[in-house]
Each structure stands twice: as C-alpha cells, then as structure tokens.
2 protein chains.
Amino acid sequence: MSQNLGKASVKPEKPVYILNSGSIVGTKEGQGPLGLLFDMVGSDDMFGCESWEEAESSLQKTAVQLALEKAKVKPEDVKFIFAGDLLGQSIATSFGISTYQIPLLGVYGACSTCGESLTMGVITIAGGFAERVVCVTSSHFASAEKEFRFPLEYGNQRPLSATWTVTGSGAFVLGNEDALASYGERARAKVTGMTVGKIVDYGLKDSMNMGACMAPAAASTLEQHFIDFGSQPSDYDKIITGDLGKVGQTVLIDLLKDKGYDISSRHMDCGIEIFDGETQDTHAGGSGCGCSAVTLSAYILKQLEEQNWKKVLFMPTGALLSKTSFNEGKSVPGIAHALILES
Amino acid sequence: MSQNLGKASVKPEKPVYILNSGSIVGTKEGQGPLGLLFDMVGSDDMFGCESWEEAESSLQKTAVQLALEKAKVKPEDVKFIFAGDLLGQSIATSFGISTYQIPLLGVYGACSTCGESLTMGVITIAGGFAERVVCVTSSHFASAEKEFRFPLEYGNQRPLSATWTVTGSGAFVLGNEDALASYGERARAKVTGMTVGKIVDYGLKDSMNMGACMAPAAASTLEQHFIDFGSQPSDYDKIITGDLGKVGQTVLIDLLKDKGYDISSRHMDCGIEIFDGETQDTHAGGSGCGCSAVTLSAYILKQLEEQNWKKVLFMPTGALLSKTSFNEGKSVPGIAHALILES
C-alpha cells in the first residue's frame, strides 16, 4: 500500500499519534464557551511582555512547554519543530521558540497553518524521518490587527462579517509507535489521512469578510478529500473548519450542496465555538492561526479521547492576504488543509 | 536502515532526483558573472507588471513554468508545491503560483527557504507520499527593500556590509525513480542527505550586516551536519552557503576553525558568485530567497551535471527579521538548512 493517495491526499502507512498537546489563550477566549478547557488563560493580553509581538512569541513558547511537559518529552528528544504564525516573516515563531533549540521548519498557510504544520509533521514521522516532532502555531488579536488592518488605538469599526482574531497558541507533540511506547499513556488521537489544499481565488476582496473568501477553498479541499478517500460526509462524526465563522459556514454548506455533498448536520467551525457571538461582540466568530490550534488541543481532542466522537475531519482554513496585497487592490485567495483524526 | 539520522539530519533511503529546474532573474543579475547561465533574464525589473510585488509573483510563475517544461511534466502530474518568499504573508507565492492549481505547502525560512522547500520535498518523495513535487522560491530587490528597509524612492544609503537582494526565482522538479524513468533523461542531480538548522541568535542587531547575523547559524548547521553524517569538509567538492556575502564568509570560516573544521579552500557563497562586487556596486554580495535558488539552478547543478563537482553541500542561509522586529529593537537571528547534492 502506498502513502500517496489520489490527487491531493496522503495516507500514513505507519500510525502517527498526537501524544499530547498544550493550549494557552487570552482573557477573552478564557471567558468564552471553551474557557475552562484551555491549559492556561492569561490574566491580560500582554502576558508580561512589552509589545504585542513579544506577547505572541511568549504564547508559542508556553504552548510548546505545556505540550512537552504533558507528553513527558524533553526538547532534545524532538527531531523537528514545524511552526508558524500570521505576522510578517513569522516573527512570533522566530522569537518564540528559539530557546528550545529544536531544528525548525517554518510553515506559512495563513490561518490554515495549524493544518499545514500537522500535515508536514505526520509526513515526516510516517516517512521514518523522525520519532517525535512538535507542531505549533499562534495568533494574537492585537498583533494581527496591527499587521493586517489598523492599530487598536485607531478605534476602527468592524462590520458584522468580520472575525475576531483569537489570542492563543496550540502546540502538539506527534510521535510514532516507539514514541507512544516511551510515553506509556494513551495518545490523544491518531492522524490517519491528510488532504492538502490548493489556492482558490474567487476574486473576493473584502478583508472584513474572510469567511466568504475562504469558504470556496474549504469546499474545494473537502470535495477533493471525499474523492481521494472515496468517503462521504457521513463517514465523519464532525467536519470541522478552522475559522470560517457564521458567514463562511453558510457559504461552505451551500457550495458543497451544489457539488452533491450535504455536511449541514455535522459541520462545526472552531471560530464559531470559541466565542459566544451573542455576548462577546465577536461578530462572525474567531479566526487566526491560534483559533483552530487551541480548539483542537482543548476541545476536539478531548471529544475524541472521551469517545464522544470516533472520527473527525479537521480542516483549518486560511486567507492569503497581506496589507500590501490588500492595499494594492488584490483579491483574498483562500486555502484549506484537512486531516482525519481518529480516537 | 533508517531515514532518521543523528540529531538534526535525515537520509533518504530511496533516491530523490532533481529532474530539472528553471531560473529567471532581473537585469542586474543578467549582467553579472553568471548572466549567461540563467534560463531567462528580464529586460527590466517590472517584468510587465504594475507593482514590485506583482513582478515578484510573475518570477515564481515563470520559474515554475520553465522547470515544468524542462522536466516534461504537466502541473496535474505534480503532487505538491513547496513555495515561499520573503514578503509578509508570502504574497509573491500566493499570487504567483495559483494558476497551476497544485496543492500548496507554504514554507518560510527567510533566505534559507530554498533549502527548506527542497528538504520538505525530498522528505515527501522519499517517504513515498509523492512521485513528483515542485519547490520554488523568489526574491525581488525592490519589493524586499520596501518590505524590510525603505522604498527605493527614499534613496537610502547602504553600508559596505549590506547585501543586494537578488531579483530572481528558481524552481525545481523533484521526482522518485518512477518519475525519472518517465522523464527519460538524466536527472540534474540527486539529493542524498539533509540537515535541518535551528534558530541561532548571537544578539546581533544590524540588518545592514546580515552576513554576520547568519554566519553563526551556518556554522551551527555545518558542525551538526559533520557530526550527524560522520563526514568532514574534504568529503565535499564545495561547501556552498546561500547569501553570507564577503563579511559573513569570513565570520563563518573563522567560527568553524574554532570548532576544528577548515572549510576555507572549498567554501563558496551564492551571494558572492552572482554579482561582480568590483563593478556592480553590490557591496557584500547578493542575498534573498532567489539568490541561492537561481545560483543552484543555473550554476551549481550545471557543475554537477558536467561532473566538475561530484558532491557538494548546499546550504541556504536566512536572517529571521521583519521591519517590526527590527524597529522594536530585536536581534536578527539566523537559520541555515543543508542538503547533500551528488552528480
């Protein structure tokens, strides 16, 4: 059997486990519906640092530390770290994880980066190149607003289609069977297949409606996934997107209905779960590299551990824009990477 | 035999070939010592586009097209594309390669990205996850000056330690033995080992002397490489860094002498080769994601094909800064990834 499946998918021959994971979030996320599930909640969003960027770096550092401790692994026993964030030149990563001295492969896929880092980690372990790797991503509301829109001090108004960038970081220790044996406890889940997304550009230009910009990419990856694996929506207990929010969710469900797939009864979006849209004034929902990562670590893996769900499709979604591309009048293309997670 | 070697290295069990490659550069690079070797040289640095960023996107698009044509491969026969650039949120990639509709795994390692993309490509093919992948990186002098320093219109003065960002893109079609058989011609080279670098931060803060900032990372990766592979400098016909330039070269050679390795007789730097420092006013040398990529495609692979060199170590180097981190007074950490290339 080959690990190469269909047009855009891969299927690890050897099992790859999420041994354990760590999550840290900001105050607003801590007050949301998933608040009690995170490993750590900051008392303010500076996390003792002097800038928003430093604060985001500290999130990655802490998430990795939590994941390593919970997986009972030392940094020197990790072969590679796959890491990324939303800031230009991924500086949250560069200044966040250097103290671990783990060889770094930096990844960028906008808010889909959590899915990309896990995909590359699984490929590396299933290919026999590593026993253990760490995957980490982060985002921070204030550093992201500064990077993509306006500094907070400007007091910019936000339309209802806008999402709220999650302040948080999630880190995952992946390992092969030997690593699982050394760990000596149950893994949180195993990854049994991945579908890599392509850039999908419907020409939408509204950076305040990223859900609609990303939904076509999510639909494209999902359709390809069903084809490559010969599967259908009912094979999964949940089909979980990263940060489409309420507007993007509607678009995704409609696009897939047109292609003959009905996911309406089992679709879930991390961005919708993480905040209470009624009381937290977050509009369409949460977003960012950290959104899907912390929701996976704190909520989705817990459901799999407790066997409430047996098999889910986890698909972080990304909007490939920068302030330069936006100001130059370019569209906002999307991308989405899907992973099958089983309990 | 395992594909997992030493602390930071991997060694593909199955051969992975660089089937063919493509390079496109700007006018200044075309006038340099390697000018006649590139596949395509632009008549001006806008390449028919309306912004520097669009111009850089067009470089990636053309480099991929050249590589695919030369390797006799259609986009639909490529499983994944590993791509990246220096711009915030990698927009040269997002708007450059979308037309090929190849599933994308975005990578970021500053100017080391060419090495990182090839490393991930080799892991994916040697692990059996793909028959063919494409790896592409780019940089553009004007988009990089705007991204990291000052817009060209400002007329900023440059110290002699500064490097000149190369305008160019290099793309590589990697394949396994089946892909080589379909190709029906000799591969340009094969990749027989890789060492992944970690973030090395000596606390240097001068973004106008990136060679010195990156040299400690290059020294770290090289030392780890020699340890992991049980090799020594004389095992390689050339040890080739990406863009250390003249200042960084001196620092690297000195740092390695302190560790007991003398690479002075076989060190070469793509940044030093690509421009004539005497007549082209490029100061310490060329730099950027495109520098090592186009030099590999046009010059290094040619030397391997002609058997002038049998085995080289190719190690692109990256400086992990952004204008935000620089303006906030942060240091400029470095990273370097090494690949063994054999004829």
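What radius of gyration would a compact globule with 343 residues have, and what does chain A have? The globule would be near 20 Å, and chain A has 18 Å, which agrees. The radius is taken over C-alpha atoms, and the globule rule is 2.2 Å times the number of residues to the power 0.38.

Ground rules. This is a predicted model, where local features need pLDDT of at least 70, side-chain atom pairs count only at pLDDT 80 or more, and totals for chains, interfaces and linings use all residues. Residues are numbered from 1 along each chain as its sequence is written, and chains are lettered from A and ligands numbered from 1 in the order in which they are written.

Chain A by itself. Its C-alpha atoms fill a box of roughly 50 × 50 × 35 Å along the principal axes. Of its 343 residues, 65% count as buried, meaning 20 or more other C-beta atoms within 10 Å of a residue's own, with C-beta atoms placed from the backbone. Chain A has 11 helices and 17 strands; these are DSSP runs, H or I of at least four residues for helices, E of at least two for strands.

Now the pair. A 180° rotation with 0.0 Å of shift along its axis puts chain A on chain B, RMSD 0.0 Å. That is the relation of a two-fold axis.

The interface. 52 residues of chain A contact 52 of chain B, with contact set at C-beta atoms, placed from the backbone, within 7 Å. H4(A) gives the largest share of chain A's side, five residues. And 100% of chain A's interface residues are also interface residues in chain B, so the copies meet through the same surface.

Definitions and conventions:
Copies are superposed by least squares on the C-alpha atoms of residues with pLDDT of at least 70 in both. Two residues are in contact if their C-beta atoms, placed from the backbone, lie within 7 Å. A residue is buried if 20 or more other C-beta atoms lie within 10 Å of its own, exposed if 12 or fewer, and partly exposed in between; C-beta atoms are placed from the backbone.
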